[in-house]
Amino acid sequence: MAPKLPPLRGLAPLCVILLLAVGVVTSRRPEPYYGRLIGHLTQYAHGIRGTVYAVDESTVFIKGFAYDGTGPDAYFWVGDSPQPSPEGTLVPYPEDYSSRDPPILSAHSNTDILLKLPAGKRLRDIKWISVWCRRFTVNFGDVFIPAGLDPPRPRVLPEFKRLAHGLRSGNISVLDAKTFYIPNLHYDGAGPDAYFWVGNGSEPNPFGTKVPNEMGSLNPLRGYQGEDIEIQLPAKLTAYDVDWLAVWCVEYRHNFGHVYIPKDLDVPPALGQTKITTSSTTSKTPHSATNNCKEILDKRLQVRWEIQGDQVQITLSARLRKEQYMAFGISGAEGRPAMLGADVVVAYWDSRANQPRVADYTITHLAQCDGERGVCPDQRLGGSNDAVLVTGRQRDGVTTITYRRPLAAAEPSRDREVLSSRSQSIIAAFGPLNSRSEANAHSFMDTTRHDVQLDFGAQSDNACIGLAELDELGPGAWPARVLSGVTNFTARIGPAGGRRGYTPITDNDITNGFQPYGHPSWGIAWYINDQLIPEIYVERGKTYTFYVEGGDDRTNPARYHPFYISDSSEGGFGQKKEEEQRKQRVFAGVAYDNEGYPFPTAVGRYCEWTHKSVDQANASPTFEQYVRTLQLECAPGDPATLVWTVAHETPDLLYYQCYTHNNLGWKIHVVDPGTAVPKPGDQKARINAAHRICPVASTTFVLVITLLNIAVR
């Protein structure tokens, strides 16, 4: 509802309308406003002059700076000693420079200067700001930071009120007097004439002002699906001038949701220190923000970084395959690459939404995330995603994704601190995404194998030359294995076999919709009768026994893999929500308690085929050769016994799977008695099975291949 206005005597109605349309406002904070006053620069030499303000805790503004420019080696200089001294830290000006070293300070007569403190320093960490000559160790002028100085800070507001069109968000922040940060924004985009909208009054109303979107456009808003964006108020409008921010449909005068702006704001002034980075601006100058760059993982991953106040901005670049992630973060132990206890960010390109994604991960166990433990996104464990996407792009086969994260450990139980004072151990990896778009296991060659140190506080640490090419083809897959004519099976855990094993064996499977790279693997898989994910053939009416050795220690998810049989090609019944569980049909290995909760029944001791040294999959042309590089290790105890009588109405295709994790098993073909089945070693097994399940798809595939061959000829 629009606010009620007092009658304006002596003015025609048209004049009233014009006054409302212009939106005359009086700012609640007198302008100009430069932040908290620090003091005036004291002049000792070279005509130093200027008034210094604290913009925020890591930025200062010098109003009317003057310097004659004749010092041979002068820079802005900060430190925490009692007086300016050589032990200070250089503050580059201008902040963006193309040379290897920061430029020497030039002459200024009456310049307004914005200084960003370097290397994660904040005003509380320093005692003075100086114009300092390094060559002759002379202080040309200085100002001291007052004790107890409290700089302006960003203000966190509630989320958007949820009124229409699926509008919702995380807590909105006022970063400075003109900039709003809106995390996790959702909006269905169906409003015919909707905009970000600000104005005055007790409720959003038609007499507001359009605010450009994150790209600076005033076109009607598109849909948003969980994006983090920043928007800036237009012209001279500031957050002190408005009472609310809304998503508003102009044509139908409808409020989709809003948030109120408190009247006691004390946010930083908008002096250009808050830089909105968009995909359009980044694509023009993708690496202008920082000169720090390191190539790791055999030069297949480039890492660029820059400390920005209490955040670090990181850019990852790699030649990623489809549905592959790149991960980077702080090692779980200093002096070595430790995944356990590490704090990493997983970045990837979402091919379905055609946009970049980043997620903050915690590694509590070296196992697939089961919703409680493992390699899990922090949000899935009830924490917060502290990685904020800045931008991303794909060009010339290279995926580049930029994100920010706090220097501090926002959640000490899940996060690790990023140091700005010294180098620290980092880890990185490539790997496949699973069906939840979460990180699956990487191979031994796709992770940091020795200690890699990174100095996040560096300013010009650039050793990048160029990304190495990916080995796209790699070694060929081992043939699919077949088990038929047997009624007793052992089910154990073993390595997935890298580029020859689980994923390539499940590649281009018709029942899997021709997934381009097969089912993603966590790095382990079921070994049935000591064969890697063989396709099992069973007959209706017969009884089969599985001796399961997948582990019985519920406290260790890496060694807890109950066995069950389902119609799901993915498995993981126990980690699914109830509505997802209903989509699976379970045929053995799962029972229900008196309250209707499922639990696994095939839980036995843990047996695993382990590597005698390192993974030799790529160097093993056959699976038989690969097995000779493995050794079987079994924990004390007994295997579980799962007895399954195949009912006559059982579908033609089922899967043996792990109850707690996705993608460990493979196919069970169910046939009628007397049906001819492939024998072990028969390479036609996969094609024949696929044709029985989907003869039309199989015929179409053969037809397409035939037409392609004709076209090539």
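The following legends describe an overview and several close-up views of a predicted protein model. Residues are numbered from 1 along each chain as its sequence is written, and side-chain values use heavy atoms, without hydrogens or water. Because the model is predicted, local features need pLDDT of at least 70 and side-chain atom pairs count only at pLDDT 80 or more, whereas totals for chains, interfaces and linings use all residues.

**Figure 1. Overview of the protein.** The protein contains 7 helices and 43 strands (DSSP runs numbered from the N terminus; helices are H or I of at least four residues, strands E of at least two). Of its 713 residues, 50% are buried (buried means under 20% relative accessible area, exposed over 50%, partly exposed in between, with a 1.4 Å probe and protein chains only).

**Figure 2. Surroundings of Arg300.** Arg300 occupies the loop between strand E18 (292-296) and strand E19 (301-308). Arg300 counts as buried because its relative accessible area is 11%. Its side chain makes a polar contact of 2.9 Å with the side chain of Asp446 (a pair of N or O atoms within 3.5 Å; within protein, one must be able to donate a hydrogen and the other to accept it, and residues adjacent in sequence count only if both atoms are side-chain atoms).

**Figure 3. His258 in strand E17.** His258 belongs to strand E17 (residues 254-260) and is buried, with a relative accessible area of 4%. The side chains of His258 and Asn255 are joined by a polar contact of 2.9 Å. Not counting residues up to four places away in sequence, His258 touches several residues, including Glu159, Phe160, Glu203 and Leu245 (contact means heavy atoms within 4.5 Å).

**Figure 4. The aromatic pair of Trp77 and Trp132.** The protein has 24 aromatic pairs (rings of Phe, Tyr and Trp, the last by its six-membered ring, with centres within 6.5 Å; planes under 30 degrees apart count as stacked, over 60 as edge-to-face and the rest as tilted). Trp77 and Trp132 are stacked, at 6.3 Å centre to centre and 10° between the planes. Trp77 lies in strand E5 (residues 74-79) and Trp132 in strand E8, so the pair ties together parts 55 residues apart in sequence. Both Trp77 and Trp132 are buried.

**Figure 5. The aromatic pair of Trp526 and Phe563.** Trp526 and Phe563 form an edge-to-face pair, with 5.2 Å centre to centre and 75° between the planes. Trp526 in strand E31 (residues 524-528) and Phe563 in strand E35 (residues 563-566) are 37 residues apart. Trp526 counts as buried because its relative accessibility is 0%. Ring pairs link Trp526 and Phe563 into a cluster with Phe489, Tyr544, Phe546 and Tyr656.
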